[in-house]
Amino acid sequence: MSTSGRSERKSQDHLNAQPLHYPFWFGGSSSSCAAAVTHPLDLVKVRLQTRSSDGPRGMLKTFVHILRHDGFLGLYSGLSASLLRQLTYSTTRFGVYEELKSSTTTATTSPSFPSLIAMASTSGFLGGVAGNPADVLNVRMQHDAALPTHARRNYKHAIDGLVRMTREEGWRSLFRGVLPNSMRAVLMTASQLASYDGFKRLILNHTPLEDNLATHFSASFLAGFVATTICSPVDVIKTRVMSAKESEGLRALLIKVYKVEGVGWMFRGWVPSFIRLGPHTIATFLFLEQHKKLYRRFRGVQEGHGL
């Protein structure tokens, strides 16, 4: 069969597929599995974005520094907060996005790419607000070992951190940096979820690839590249705000960073961000697609339907 013939057949199969409603928690579960795999990369990214002038430069040197001073388990510092973040932030953004998408999908029509961006932006904002307490905690726990001994917070785990933050700094500390964090969540979800669906649709319609592992990998790799580039400036700001010991206005922070580092601050840590976000995005969508595949099998839905 010719490439065009295969594309027409796949497009027709997609249109004939009956929409299937997946559980709300699939996104959070998939992201948690991915976070457990990629946490060391996320830790290195945070350390690079918040390092002092005499700190290790470069991803490899930061890895070696962590291993030398904190041991292998030091690479998983703050893992409990990272998992809590995924269970709040990712469950919300994936769940709301899938709910909105399924509500506008029929057997003969699917939402346009601009509509997917709007849905992803809405779900990203809600996810950013819902996940902000765990996000603040995640950044603090990952950054803690890089601080002088007397300045460390030494949270035992995620729950201990939330309790201590509320008791010592008030409940408002849980929402420190919620504006840049929500902005990042909007950009992240729009560039990650919407672009994944967009790239997947393009691959299925314009290449010989079927709806399989190769397609999922390709679409998620491209989505990770787009998400890293778009989110890098906001990610740096978010990390700086959340790791600070004292509250500082966003405008004042931007002015100070620009004076010290110039425009280069916008993409500081881009390489480790992509090396972390790329695998995390790939792992998240591969886990998500497997969740959906198992669910379709459990429901007795024929493969190729309920996409």
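Predicted model: local features only at pLDDT ≥ 70, side-chain atom pairs only at ≥ 80, totals over all residues.
Q: What share of the residues counts as buried?
A: Of the 307 residues, 49% are buried. The accessible surface of the chain is about 14,500 Å², and carbon and sulfur atoms account for 66% of that area.

Q: And the contacts, what share is between residues 24 or more positions apart?
A: Such pairs make up 79% of the contacts with a separation of 6 or more.

Q: Which residues touch the most other members of the largest nonpolar core?
A: Y97 and F285 do, in a core of 18 residues. The elements giving two or more residues to this core are α4 (79-103), α5 (113-143), α7 (178-206), α8 (213-243) and α10 (270-299).

Q: Which of them gives the most?
A: Helix α7, with 5 residues.

Q: What is Y97 in contact with, leaving aside its neighbours within four places?
A: Y97 contacts L116, M119, A120, S123, L193, A194 and D197. One of these, D197, also belongs to a network of salt bridges with E98, K101 and K292.

Q: How many salt bridges are there?
A: The count is 8. In one of them R85 pairs with D135, with the closest N and O atoms 2.8 Å apart. R85 sits in helix α4 and D135 in helix α5, 50 residues apart.

Q: Are R85 and D135 buried or exposed?
A: Both R85 and D135 are buried.

Q: What does E169 form a salt bridge with?
A: Its partner is R140, and the closest N and O atoms are 2.7 Å apart. This pair joins helix α6, where E169 lies, to helix α5, where R140 lies, across 29 residues.

Q: Why does R140 count as buried?
A: Because its relative accessible area is 1%, and buried means under 20%. E169 has 34%, so E169 is partly exposed.

Q: Where are K200 and D211?
A: K200 is in helix α7 and D211 is in the loop between α7 and α8, 11 residues apart. They form a salt bridge with the closest N and O atoms 3.6 Å apart. K200 is buried, with a relative accessible area of 10%, whereas D211 is partly exposed at 29%.

Q: Switching to rings. How many aromatic pairs does the structure hold?
A: There are 9 aromatic pairs. Y22 and Y295 make a tilted one, 5.8 Å centre to centre with 55° between the planes. Y22 lies in the loop between α1 (3-16) and α2 (26-50) and Y295 in helix α10, so the pair ties together parts 273 residues apart in sequence.

Q: What cluster is Y22 in?
A: An aromatic cluster made of Y22, W25, F26 and Y295. Y22 and Y295 are both buried.

Q: Which residues form the nonpolar patch on the surface?
A: F125, L126, V129, W171 and F175, with about 470 Å² of accessible area together. W171 lies in the loop between α6 (158-169) and α7.

Q: Why does W171 count as exposed?
A: Because its relative accessibility is 54%, and exposed means over 50%.

Q: Last one. Which residue has a positive phi although it is not a glycine?
A: N154, with a phi of about 55°. N154 is in the loop between α5 and α6.

Note on methods
Residues numbered from 1 in each chain as written. Heavy atoms only, no water. Buried < 20%, exposed > 50% of the residue type's maximum accessible area, 1.4 Å probe, protein only. Contact = heavy atoms within 4.5 Å. Areas by Shrake-Rupley, 256 points an atom, 1.4 Å probe, with all protein chains shown as cover. Core = buried A, V, L, I, M, F, W, Y, C linked by side-chain atoms within 4.5 Å. Helix = DSSP H or I, 4+ residues; strand = E, 2+ residues; numbered from the N terminus. Patch = residues over 30% accessible without salt bridge, like charges linked within 9 Å, V, L, I, M, F, W, Y side chains within 5 Å. Salt bridge = Lys/Arg side-chain N within 4 Å of Asp/Glu carboxyl O. Phe/Tyr/Trp six-rings, centres within 6.5 Å; stacked < 30°, edge-to-face > 60°.
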